[in-house]
Amino acid sequence: MTMLSDAEWLDRNAKVIEEFRANGGRLERQDLVLLTTTGAKSGRQVTSPLLYLREGDTVYVIASKQGSAAHPAWYHNVVAHPQVTLEIGAERWDARARALDGAERDRVYAAQVARYPFFADYQQRAARTIPVIALERA
């Protein structure tokens, strides 16, 4: 799998966000969340489309960046500013981000690998433990 450059990610994400919103949150892939964060350095609002896993009112996202050695920008944003906004389907709400660790992180990561096996490849490629973030309703 070829990794996308940052510019390619931004272009791809912009298209996905536009399609998501134009279709009332409906896409072929029903497990897509739009995560809006506050930039860690810029302070600007930034929206990222991500695969998610949902358990009750908690939404989990994986900071994989396709197994890159670096964390994705949105991860740095939620660490600096944990208040975020989520969009799933036509629903939009505020949440608070919390990084998981230990057994809790491993359980959620394994659950996402069971749904999307490529996440296992990402972890093997990454020179880091890929963070898992819980997004809990505010």
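**Close-up views of a predicted model**

Arg-98 is partly exposed, with 33% relative accessible area (buried means under 20%, exposed over 50%, partly exposed in between, with a 1.4 Å probe and protein chains only). This is a predicted model, in which local features need pLDDT of at least 70 and side-chain atom pairs count only at pLDDT 80 or more, while totals for chains, interfaces and linings use all residues. Residues are numbered from 1 along each chain as its sequence is written, and side-chain values use heavy atoms, leaving out hydrogens and water.

**View 1. Arg-98 and its salt bridges.** Arg-98 forms a salt bridge with Glu-136, their closest N and O atoms being 3.0 Å apart (a side-chain nitrogen of Lys or Arg within 4 Å of a carboxyl oxygen of Asp or Glu). Glu-136 lies in strand S7 and Arg-98 in strand S6, so the pair ties together parts 38 residues apart in sequence (strands are DSSP runs of E, at least two residues; helices are runs of H or I, at least four; both are numbered from the N terminus). Glu-104 also meets Arg-98 in a salt bridge, at 3.4 Å from N to O.

**View 2. Arg-115 and Asp-31.** A salt bridge joins Arg-115 to Asp-31, with the closest N and O atoms 3.2 Å apart. Arg-115 lies in helix H3 and Asp-31 in the loop between helix H1 (6–22) and strand S1 (32–38), so the pair ties together parts 84 residues apart in sequence. Asp-31 is buried at 9% relative accessibility, whereas Arg-115 is partly exposed at 39%.

**View 3. Gln-112 in helix H3.** Gln-112 has its place in helix H3 and is buried, with a relative accessible area of 2%.
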